[in-house]
Amino acid sequence: MIDPANILRTHDLKHTKQRVRVLEEIALDKAAVSQPELEKKLGKEIDRVTLYRILNTYEDKGILHRIMDMNGTANYAICSASCTEHHHHDEHVHFNCTNCLKIYCLEVNVPRIKMPEGFTATTVTSTAYGVCEKCNSSAVH
């Protein structure tokens with residue numbers, strides 16, 4: 001489990017109830033969480049604009065990384081401890097379940113890509129699509 005107070009302190013962010021709630025909610029699930037999902041869960045506590053600002057701040061500070069799903073909706077997951085304000089180290093494979101539509105961060109490295117001369121890649125992403133472990137196990141029963 002994450003320690004929201006420590007994360008905020010480490011990244012020089014003011015400790016607010018809203019910031020803590022967003023981190024707690026994202027950490028509850030193994031899957032990434034979309035902004036619309038967060039709005040539904042936290043709508044009575046946090047308005048849409050504040051949520052948007054918190055998510056952007058967390059992404060800028062290297063606390064969260066954003067993953068776009070099949071429909072172009074932003075989903076957020078906790079970054080690894082090695083991510084910083086100036087560089088995300090989220091070079092891992094994302095898995096998008098075509099059944100439940102959840103996105104998972106997998107502990108599988110994205111293959112290295114040799115860029116042609118004159119090209120500089122700042123971000124490389126890799127997404128696998130299929131059926132997640134939970135959906136596979138429920139289909140068996």
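## Salt bridges

A salt bridge is a side-chain nitrogen of Lys or Arg within 4 Å of a carboxyl oxygen of Asp or Glu. In this predicted model, the count by that rule comes to seven salt bridges. Lys41 and Glu25 form one of them, with their closest N and O atoms 3.7 Å apart. Lys41 lies in helix H3 and Glu25 in helix H2, so the pair ties together parts that are 16 residues apart in sequence. Lys41 is partly exposed, with a relative accessible area of 40%, while Glu25 is buried at 9%.

Arg21 also pairs with Glu25, at 3.3 Å from N to O. These two residues are four apart in helix H2, about one helical turn, and both are buried. Another partner of Arg21 is Glu24, again with 3.3 Å between the closest N and O atoms. Glu24 is partly exposed, at 29% relative accessibility. Arg21, Glu24, Glu25, Lys41 and Glu45 are linked in a network of salt bridges.

## Helix H4

Helix H4 covers residues 48-61. Its 14 residues should span 20 Å at 1.5 Å a residue, and the end C-alpha atoms are 20 Å apart, which agrees. At the start of H4, a side-chain oxygen of Asp47 comes to within 3.1 Å of the backbone nitrogen of Val49. After the helix comes Gly62, with a positive phi near 80 degrees.

The buried residues of H4 include Leu51, Ile54, Leu55 and Tyr58. Among the elements that cover the buried residues are helices H1, H2 and H3 and strands S2 and S3.

## Strands S2 and S3

S2 and S3 run antiparallel and are joined by five bridges. Leu64 has Ile78 in S3 as its bridge partner. The two strands form a hairpin with five residues between them, and Gly72 in the turn has a positive phi of about 85 degrees.

Terms used
Residues numbered from 1 in each chain as written. Predicted model: local features only at pLDDT ≥ 70, side-chain atom pairs only at ≥ 80, totals over all residues. Heavy atoms only, no water. Expected span 1.5 Å × (residues − 1). Buried < 20%, exposed > 50% of the residue type's maximum accessible area, 1.4 Å probe, protein only. Contact = heavy atoms within 4.5 Å. Polar contact = N/O pair within 3.5 Å; in protein donor to acceptor, adjacent residues only side chain to side chain. Pairing = 2+ DSSP bridges.
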